[in-house]
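Hi,

Here is the structure I promised to pass on. Have a look at it first, then read my notes below.

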Amino acid sequence: MGIEKMKMPQLGESVTEGTISKWLVSPGDHVNKYDPIAEVNTDKVNAEVPSSFTGTIKELIAEEGDTLEVGEFICSIEVEGGGSAEEAPAQEDPVGGETPAKEGKQEAAKPAKKAEKGKVRYSPAVLRLSQEHDIDLDQVEGTGREGRITRKDLQKLIDSGNIPKAGDAKPAAPAKEEPKQAPAQEAPAASAPSKPAAPAPNVPVLPGDVEIPVTGVRKAIAANMLRSKHEAPHAWTMMEIDATNLVNYRNTIKGEFKQREGYNLTFFAFFVKAVAQALKEFPMINSMWAGDKIIQKKDINISIAVATDDALFVPVIKNADEKTIKGIAREITELAGKVRTGKLKSEDMQGGTFTVNNTGSFGSVQSMGIINYPQAAILQVESIVKRPVVMDNGMIAVRDMVNLCMSLDHRVLDGLVCGRFLQRVKEIIENISKENTSIY
């Protein structure tokens, strides 16, 4: 038997921390390797964390609601059969007599050092709440593991009205305060994304106001949108398209398609396919700004925006130009389903080269999207609406019209190439028909 400690895993290429949203095990539970033991929320995705070992859960080091950096310990497991491969060298070492004792000492000292730091390291949620309510964290007794202050501790103080302010404190010896102060300042630095919340204390919270904690996903959205607007000089253009042929064709086959395939054939799938085809013909649009160079991406991976009640996720349809309209419709359905059931994985959102946003799904007819950094452009597909249109023969007819609104990074793209790109998308959509458009 040996004790192994599980660490917070890296659940994405740029993920630096995760929040334990729910433990799926308790101390004393037996787990097999790869069994899910916790649900973790990061700034990109919700995911289940699998056990790295087979054994018995000894201790849950982190509590539900705790935010930990990648690599921090979350729980300990009593491993069957005496430890893992990582332990092996330490166990084989006893040849030198003194060395094992020395190493044992260092091993023992390591957790102690971590525990001491744990008492003064605050999660982003705790830091934010303390800033919003001007709480002096040095005066708060933590009830979490190893005396850690949790969000619940602060909420209890806020509800009671006994908020400890700087200066009200019980006198503390300077020697004790100094070590406490230094690590406390490390925590905000490690959680840089929570910095924009600094102005929050200026917002008065009145009776009846509702405070909504900023989740990891919402923080990531805020940071990426802010970066996009600050770094990318946005330009905007719009083109009006006659989608009457598309509407008629899709409406004649949607019932049969649903019966045959088991999912909906949406208008959006036709637009995504048209965009993928146009990107192949205008590869410059499928580019990214990289400081001293522009990178034109070979693969056409289309990000699609999928919203939930409180967040926006951008999963990716990989190699969209190689897929049929049916294949794209299936992927849209599957990815949207994953988002709404919390099963979207980090890899589902990686590698996007261009974003298409279905803003028309809630009735919008004109909007300006913020570019999904570091991509060079985003296209908003607006609502299809019936409008009277003057035809080429001078007659007025009721047609199904749609606006395509495109935001572009003017460092990478100019109006000419974007105009030609939109013209090509318009041409593809306006020429959709039973005769020349294959669904399969």
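Start with aspartate 348, which makes a salt bridge with lysine 338; their closest N and O atoms are 3.3 Å apart. This is a predicted model, by the way. The two partners sit 10 residues apart and link distant parts of the chain: lysine 338 is in helix α9, while aspartate 348 is in the loop between α9 (325-340) and β16 (354-357).

Is aspartate 348 buried or exposed? Its relative accessibility is 13%, so aspartate 348 counts as buried, because the cut-off for buried is under 20%. Lysine 338 is partly exposed, at 30%.

Glutamate 427 is partly exposed, with 43% relative accessibility.

Helix α10 also holds glutamate 430 and lysine 426, 4 residues apart, again about one turn. Their salt bridge brings the closest N and O atoms to 3.1 Å. Both count as partly exposed: glutamate 430 at 24% and lysine 426 at 25%.

How many salt bridges turn up in the whole structure? The search finds 15.

As for the overall picture, the chain has 10 helices and 19 strands. Of its 440 residues, 40% are buried. The accessible surface is about 23800 Å², and carbon and sulfur atoms account for 52% of that.

Cheers

Methods. Residues are numbered from 1 along each chain as its sequence is written. This is a predicted model: local features need pLDDT of at least 70, side-chain atom pairs count only at pLDDT 80 or more; totals for chains, interfaces and linings use all residues. Side-chain values use heavy atoms; hydrogens and water are left out. Helices (H or I, at least four residues) and strands (E, at least two) are DSSP runs, numbered from the N terminus. Buried means under 20% relative accessible area, exposed over 50%, partly exposed in between (1.4 Å probe, protein chains only). Accessible areas come from the Shrake-Rupley method with a 1.4 Å probe; for residues, only the protein chains shown count as cover. A salt bridge is a side-chain nitrogen of Lys or Arg within 4 Å of a carboxyl oxygen of Asp or Glu.
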